[in-house]
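Hi,

Here is the structure I said I would pass on.

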Amino acid sequence: MTRPLRAALAPLLITTAAAAARADDMAASPADDTPGTPAADARGRPAAEGPGTPAAAPGGGDTSAGAPAEVVVQGARPPRSASETVRERAEVKAAPHRTASDVLQLVPGVFATQHSGEGKAHQIFFRGFDAVHGQDLEIWVAGAPVNEVSNVHGQGYADLHFVMPEVIRELRAQPGSYDPRQGDFAVAGSVRFELGYDEPGITVAAGAGSADARRLFLAYHPGRADEATFAAFEAYESDGFGPARAASRTSFIAQGVYQPASGLSARVMASAFAARFGSAGVLRLDDIEAGKVDRFASYDPDQGGDSSRAQLVLDLRAAGDAPGEGLSLAPFVVLRALRLRSNFTGYLEDPASGDATEQRNEAITVGATASYRLRFPLLSDRDALEAGVVARSDWIEQSQRRLAAVDDRPTATLVDARVRATDIAGYLDASIRPARRVEVRGGLRADGLAYQVLDGAREGAAARSAQGVHVGGKGTVDVVLLPGLHALASVGQGFRSPQARSLGDGERAPFTRALSAEAGLRYADERVRASAALFHARLGEDLVFDEATGRNEPVPATARTGVALDAVARPAPWLVSSVGLTYTRAAFTAAGGRNAAGDLLPFVPQVVARADLAVTPRLGALFGRRLEAHAGAGATLLHRRPLPFGEIGHDALLTDATARLRYHRVELGVDVYNLLDADWFDGEFVYPSRFDRGAAPDLLPARHVTVGAPRSVFASLSLYID
């Protein structure tokens, strides 16, 4: 990079907020015992291309003989734990997925359910954490944060419906909090989606299926450009598999990668999304078993809501003087809105008008990430140092009102607030080789969070403010045992920010602090990636869903201990398989409320397993045109879900399958979800309720369920025009 360019960018990077360089800008780590050998990344491939190795320049420049070739040194960030996981396009496409949240289930230990309609954010379980709608899982898409601060429905609310599965190029999961780039909500871990579309030209796909589902997908990718340059559109509608389950959504994503100057690259991503959805809500299990209601019925068909999102990301990267060095700056802006009507208890709280509530949340998020990485020879010539900052500021308006069952008239105001939340963080990360086979990676991160809250009506609203700082250390030791085989031990401190409306004036903002540790083995070669790890995590306090408030409420300290296994195999170009298995015991470590120390944490499944397998054979040619097929399946097992009051939920085994036949530019496909037509519950709760107006109160806890979707079939026709 030229010195004038460095001088021009440096002040901007210092004054704007920075963090997290993308994976392909990171320096290599020692994945082999031979000095100078490029490291293996989390995928098991070399983490940096050798000097002088040509790579396709952004924009697809001509590299034919006689034309100048742009030399790009690329690498992937080395793993920060034994169980760090990467799922690439081949694994994502193995089995059918309706949403990006479905794709999350490829991560070992993740199970996602959607118990309140096809437009509300999924409930996410991850390695013993009930992250609910995102409170314990930090999620980024294409350089922008997805988690919402102080959302009225739940802290960390993360709605991924705006991402079509077809444009997911890579999914990277970092369990625990071992990387200084991980920030707020990275308690169970972090997930980052990278976007791209690899079909050249124009794609037109239309389909229809069960429950009168209809979908149109359009995409464009210029063939000579990097696959990160694309535009895609989705329109989806469904009547739902039962009453009050209709849904519709539209989404648009466009991304372009450019090289405005030598050594400088730019990526621009813009998206827009809107959805409307119904929700059947909960049913009492005893009513279903007694035949009083159909399993697909609804006590209140007026439940549901609408949601929207728009965002813009600009990602600038300037290469440094040496491989692995460089500057990164990525500002972003996100606009979000959510309205949700629900009723979990019927007429228990308000026998006359009912317990239905309507929640509204609107937010504007503005921020940036930036970093500077350089070679820092300390103990070896491959040592490196990175400094970064992250900043985001959120303007939030939220309310929650109780509504009368007859005419939706507001009968009580439970929440009415305006919130300004600011998070400014700085981190320092180092990678040092004290010995030929050993590398130590880690650093320190400090987050300063500030809140201003206005409660009540806009005129004469009560004002409060609070502020706090969280400092956390992270570290990983990576030892090469044999070529391709590594032993890793990691420890880190993470946090979850508080709900702003829970803070008092002048209060030092309390954080949910997490301490995580993990040790395990990783192996990778050209065909196989595998890992096995033991992990433990402790939280100073936690949040659990409360049916009376319709939100997550504080509970005492908790701990998780478990084992995670993962394997991805590509023994042949036409065959791919992946398997993940996690066992976790999550329990309270302190007594409080109705929970005693040692009680299992409710709602958190102890065993989550996922397996995917796909074959994509080329069948030859027909009339001189290529003929190929794709067949794949994915199976998810959910076992032993503890519930409140010592109860255990039902197990679930779900299998999805897909078959496709492509001839030249035309493809026919059939996707089957819940292939075995399992009767299952995607949500189970235990609490008192009364859904018959005027009936005698029953304060005994009862099992409540939301019914999972039955078998459904979806057929599609796709045209590829280039």
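**What I found**

Residues 24 or more positions apart make up 66% of the chain's contacts with a separation of 6 or more. Keep in mind that this is a predicted model.

For the overall picture, the chain has 722 residues, and 58% of them count as buried. Its secondary structure comes to four helices and 36 strands. The accessible surface is about 27,500 Å², with 60% of that belonging to carbon and sulfur atoms.

What does β5 pair with? One partner is β8 (residues 189-195), which runs parallel to β5 over five bridges. Within that pairing, Ile-139 has Val-191 as its bridge partner. Another is β6 (residues 144-145), antiparallel to β5 and joined to it by two bridges. Here Trp-140 stands opposite Pro-145.

And the turn between β5 and β6? What is the phi of Ala-142 in that hairpin? It is positive, near 55°, and the hairpin has two residues between its strands.

Have a look at β5 in your viewer and tell me what you think.

Cheers

How values were computed: Residues are numbered from 1 along each chain as its sequence is written. This is a predicted model: local features need pLDDT of at least 70, side-chain atom pairs count only at pLDDT 80 or more; totals for chains, interfaces and linings use all residues. Side-chain values use heavy atoms; hydrogens and water are left out. Buried means under 20% relative accessible area, exposed over 50%, partly exposed in between (1.4 Å probe, protein chains only). Contact means heavy atoms within 4.5 Å. Accessible areas come from the Shrake-Rupley method with a 1.4 Å probe; for residues, only the protein chains shown count as cover. Two strands pair if DSSP finds at least two bridges between them.
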